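Welcome, and thank you for taking a look at this structure with us. Please keep the 3D view open as you read through the short report below.

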Amino acid sequence: MQFTELADYPISAGVLTEWLPCAADDAWQEDSRPASYIHEAHLRRSSGARYGGGRESWLGTAFEIDGEIDPEKFRRALERWIDRHEPLRSHTRLTGSDRAESPIIRRTAPPGRISLRSIRHDPSDPGTIRDHLHGLFDDYTTPHLWPAYVFATLERLPDDSSGVSGAAPCFTVFFGADHSIIDGYSIVLVAHEITALYEEERTGRPAELFPVGSYIDFGAAERDGSERLDDKHEAVRIWQHTLKVCGGHAPSFPLPIGPRPSHTVAQQGAAERWFDDKQASVFAARCQDSGAGFFAGVLACLGEATRELAGVDNFRVVAPAHTRTGPMWAGALGWFVGVSPIDLDLTGATDFDTLTARAARELRRTRASARVPFDRVGELLGVPIRPRFVVSYMDVRFVPMAAQWPEWNARALRSRSFAHDVYIWINRTPEGVNMSVRFPDNPVAARNVLRFLNRTRELMHDVVASSAQASEAPDRDVPPTGE
């Protein structure tokens with residue numbers, strides 16, 4: 001599944017329907033469970049955001065379902081999905097005007113108390129529909145109001161000839177939610193779960209979804225454990241070293257990205273397929289030969305590109321890692337993400353195998369830092385930590401029904417961003433490896449970020465090419481057999 005912008009998702013002319021969650025006032029119950037560290041920090045930071053009060057922090061997905069939509073069965077499927085995932089039935093908010101000190105309260109609705117009302121629009125052209133979806137997601141995904149998520153469906157017009165997904169009848173499902181509710185892995189679960197629940201409503205075939213836990217329980221337990229830590233914890237020491245060598249802040253992109261603009265400008269982005277599945281398997285095998293995983297090999301190539309283009313001896317970046325530590329969290333919706341600062345030593349290592357082995361050791365060395373919320377680490381150090389250069393890697397090949405994503409025209413979507421940062425996402429799917437990136441909208445950033453990524457891609461392809469040549473070369477220790 002490719003992560004992309006809504007602007008890049010193919011949309012046909014058709015009829016758009018909004019599906020808006022709602023609940024009666026008496027559905028809500030006071031809930032004493034606290035917000036997770038990352039959720040609380042998100043609330044406090046976004047409460048003073050200049051644009052939208054945090055609304056430009058949503059993640060989403062779009063996918064197709066075969067056949068004509070049955071509105072009532074689809075409504076029931078969505079309501080059952082909301083019952084399945086407690087964060088969709090819960091809301092936290094700040095209760096005072098001081099965003100740094102205001103207490104946070106939570107209210108939660110039990111299963112069965114959330115319903116969907118629909119608003120069906122007149123037929124529209126693709127541009128109008130796209131603009132409407134942008135506005136819908138931006139308006140409904142602020143973390144300070146409930147619901148912080150929204151659904152929409154698009155039914156193609158009978159005479160539509162755009163050929164977006166062939167002639168067979170189907171409808172497209174759109175879903176967007178604030179980051180406090182979902183993370184990147186949560187997003188790739190949505191298409192399968194909603195489709196399975198809808199098919200159960202439509203045909204009676206059991207959805208067979210595994211039970212899941214509640215991220216609210218996870219966040220409360222994580223907070224309880226994190227509050228017991230002190231500044232001697234390994235995670236704190238790892239970040240302390242990083243801040244020291246990076247001048248008091250998190251790692252930044254190794255090449256210039258231009259000055260921060262005086263006015264708010266949305267970031268630019270790019271997305272590419274770097275490997276097909278066969279090439280990805282060859283690259284993975286080469287990493288294994290070095291005693292490392294796929295991501296370590298990616299870091300090795302990013303590091304070599306850094307040395308060539310920036311002329312430095314260390315590649316420093318922040319890498320997210322999931323915190324889904326047990327089977328009950330595997331399919332849960334939530335923000336199960338920690339981050340580790342990576343400091344890859346490039347000195348004296350000019351070959352892929354050496355750099356990959358070093359990257360694997362660095363990932364192991366910093367693993368503990370991802371288990372502690374970095375906002376808690378910032379509290380202990382007395383310094384707020386804001387990631388500025390991030391490389392995220394996810395292997396989603398084994399997500400349920402991942403092989404059907406191309407058939408479903410499934411995509412993971414991201415909102416616009418107005419930060420002055422560089423974020424790179426590298427995802428391994430059943431189809432291969434996809435890369436997407438966001439960077440500041442100026443010529444300096446565009447030139448340097450794309451140059452950096454092009455060189456990284458070339459280095460990764462060189463690894464595949466050399467591995468393929470080595471596998472095809474005859475073994476000189478074995479005499480030819482003759483004919």
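## Two loops with positive phi

Asn409 is found in the loop between H11 and strand E14 (411–414). This is a predicted model, and in it Asn409 has a phi near 55 degrees, a positive value in a residue other than glycine. With a relative accessibility of 11%, Asn409 counts as buried, because the limit for that label is under 20%.

Met401 is another residue to look at here, placed in the loop between E13 and helix H11 (405–408). Its phi is near 65 degrees, again positive in a residue other than glycine. Met401 is partly exposed, at a relative accessible area of 35%.

## Confidence along the chain

The average pLDDT of the chain is 90, and 93% of the residues score at least 70. Helix H2 (residues 71–84) has the highest confidence, at 98, while strand E1 (residues 2–5) has the lowest, at a mean of 84.

In soluble globular proteins, nonpolar side chains tend to be buried together. Here the largest nonpolar core has 48 residues, and Phe283, Phe294, Phe315, Phe389, Val422, Ile424 and Phe452 have the most contacts inside it. Helix H8 gives the most to this core, with nine residues. A second, separate core holds 46 residues, including Met1, Ala27, Tyr149 and Phe171.

Setting aside residues up to four places away in sequence, Phe283 touches Phe275, Phe294, Gly297, Val298, Cys301, Phe352, Met460, Val463 and Val464.

## Aromatic rings and charges

How many aromatic pairs does a search of the whole structure find? The search finds 27. In one of the pairs, the ring centres of Phe294 and Tyr393 are 5.6 Å apart and the planes lie at 10 degrees, so the pair is stacked. The partners are 99 residues apart and link distant parts of the chain, with Phe294 in helix H8 (residues 294–310) and Tyr393 in strand E13 (residues 389–395). Phe294 is buried at 8% relative accessibility, and Tyr393 is buried too, at 19%.

One aromatic cluster is formed by Trp28, Trp81, Trp146, Tyr149, Phe151 and Phe175. Rings also take part in pairings with arginine: the charged end of Arg223 sits over the ring of Tyr37, 4.1 Å from its centre, and Arg414 lies over the face of Trp425, 3.8 Å from the ring centre.

## A cis peptide bond

Trp146, named above as a member of the aromatic cluster, is joined to Pro147 by a cis peptide bond with omega at about 0 degrees. Pro147 lies in the loop between H3 and strand E8 (149–156).

## A buried threonine and an exposed aspartate

Thr17 lies in strand E2 (residues 14–22) and counts as buried, at 4% relative accessibility. Beyond its neighbours within four places in sequence, Thr17 is in contact with Ser118, Ile119, Arg120, Phe151, Ala152, Thr153 and Glu155.

Is Asp122 buried or exposed? Asp122 is exposed, with a relative accessible area of 62%, and it belongs to the loop between strand E7 (115–120) and helix H3 (126–140). Its C-alpha atom is separated by 44 Å from that of Pro327, 205 residues apart along the chain.

Key. Residues are numbered from 1 along each chain as its sequence is written. This is a predicted model: local features need pLDDT of at least 70, side-chain atom pairs count only at pLDDT 80 or more; totals for chains, interfaces and linings use all residues. Side-chain values use heavy atoms; hydrogens and water are left out. Rings of Phe, Tyr and Trp (its six-membered ring) pair if their centres lie within 6.5 Å; planes under 30 degrees apart count as stacked, over 60 as edge-to-face and the rest as tilted. Helices (H or I, at least four residues) and strands (E, at least two) are DSSP runs, numbered from the N terminus. Buried means under 20% relative accessible area, exposed over 50%, partly exposed in between (1.4 Å probe, protein chains only). A charge sits over a ring if NZ of Lys or CZ of Arg is within 6 Å of the ring centre and within 35 degrees of the ring normal. Contact means heavy atoms within 4.5 Å. pLDDT is the predictor's confidence in each residue, from 0 to 100. A nonpolar core is a set of buried Ala, Val, Leu, Ile, Met, Phe, Trp, Tyr and Cys residues joined through side-chain atoms within 4.5 Å.
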